[in-house]
Amino acid sequence: MLNKDIEKVFFSEEEIRNRCEDLGKQIDIDYADQPPVLVGLLKGSVPFLAELMKHISINIQIDFMDVTSYSGRRSVGDVKIIKDLDRSIIDENVLIVEDIVDTGKTLSKVKEMLYSKGAKDVKIITLLNKEEGRLVEIKSDYVAFECPNEFVVGYGLDYNQDYRNLPYVGVLKEECYKE
Ligand code: IMP
């Protein structure tokens, strides 16, 4: 069972659902004139995007991109596209959905790429923001939670691809790291 590997829960399923409700209402207001295309970054954003979209009432569309910059607990610096968007975003309002902003390297590259594909406006919504981890200046437009500067797992976030299906965000016990 995954639960036994968790040292501490930071954000519960209910807290996350409540924040998604608030953020969904805010998105309805902010994008009333031109609904956005939600672009989820695979795979970590999937549970957050799935919860968030249920609380948005305007007619949005969704798409996914897969980029990678991490291995284990370390950023490897480079952002590589593994899966590109299916649809055109020319003249669209794009809202990037991310699990966590840490160094900011991934999002600054992705934002740049989306503008170069012709997006009219690109904003960011993230489940977690680790402000202390920032190496590149980038601001999220919507943040569900400010996160302590620790490596977290669950609700889409992984450690070596494991723990994504935990229904909450927490910290692993030290003995679970294989480094
Ligand atoms: P950034 O480019 O450093 O901002 O990295 C963002 C990406 O790194 C996220 O989408 C995650 O995949 C991964 N990441 C950063 N911090 C954590 C963490 O605490 N747990 C799991 N993944 C993380």
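Tyr159 counts as buried because its relative accessibility is 1%, where buried means under 20% relative accessible area, with a 1.4 Å probe and protein chains only. Phe151, at 18%, also counts as buried.

Please note that this is a predicted model, in which local features need pLDDT of at least 70 and side-chain atom pairs count only at pLDDT 80 or more, while totals for chains, interfaces and linings use all residues. Residues are numbered from 1 along each chain as its sequence is written, and side-chain values use heavy atoms, leaving out hydrogens and water.

The whole structure contains five aromatic pairs, a pair being Phe, Tyr or Trp rings (for Trp, the six-membered ring) whose centres lie within 6.5 Å. Phe10, Phe11 and Phe145 are linked by ring pairs into a cluster.

I turn now to the ligand. Which residues come nearest? Among the 16 residues around the ligand, they are Asp99, Thr103, Thr106, Lys130 and Val152; a residue belongs here if one of its heavy atoms lies within 4 Å. β5 (93–101) supplies the largest share of this shell, four residues.

As for polar contacts (N or O pairs within 3.5 Å), a side-chain N or O atom of Asp99 is 2.7 Å from a ligand oxygen. For Glu98, a polar side-chain atom lies 3.1 Å from an oxygen atom of the ligand.

Key
A polar contact is a pair of N or O atoms within 3.5 Å; within protein, one must be able to donate a hydrogen and the other to accept it, and residues adjacent in sequence count only if both atoms are side-chain atoms. Helices (H or I, at least four residues) and strands (E, at least two) are DSSP runs, numbered from the N terminus. Rings of Phe, Tyr and Trp (its six-membered ring) pair if their centres lie within 6.5 Å; planes under 30 degrees apart count as stacked, over 60 as edge-to-face and the rest as tilted. Buried means under 20% relative accessible area, exposed over 50%, partly exposed in between (1.4 Å probe, protein chains only).
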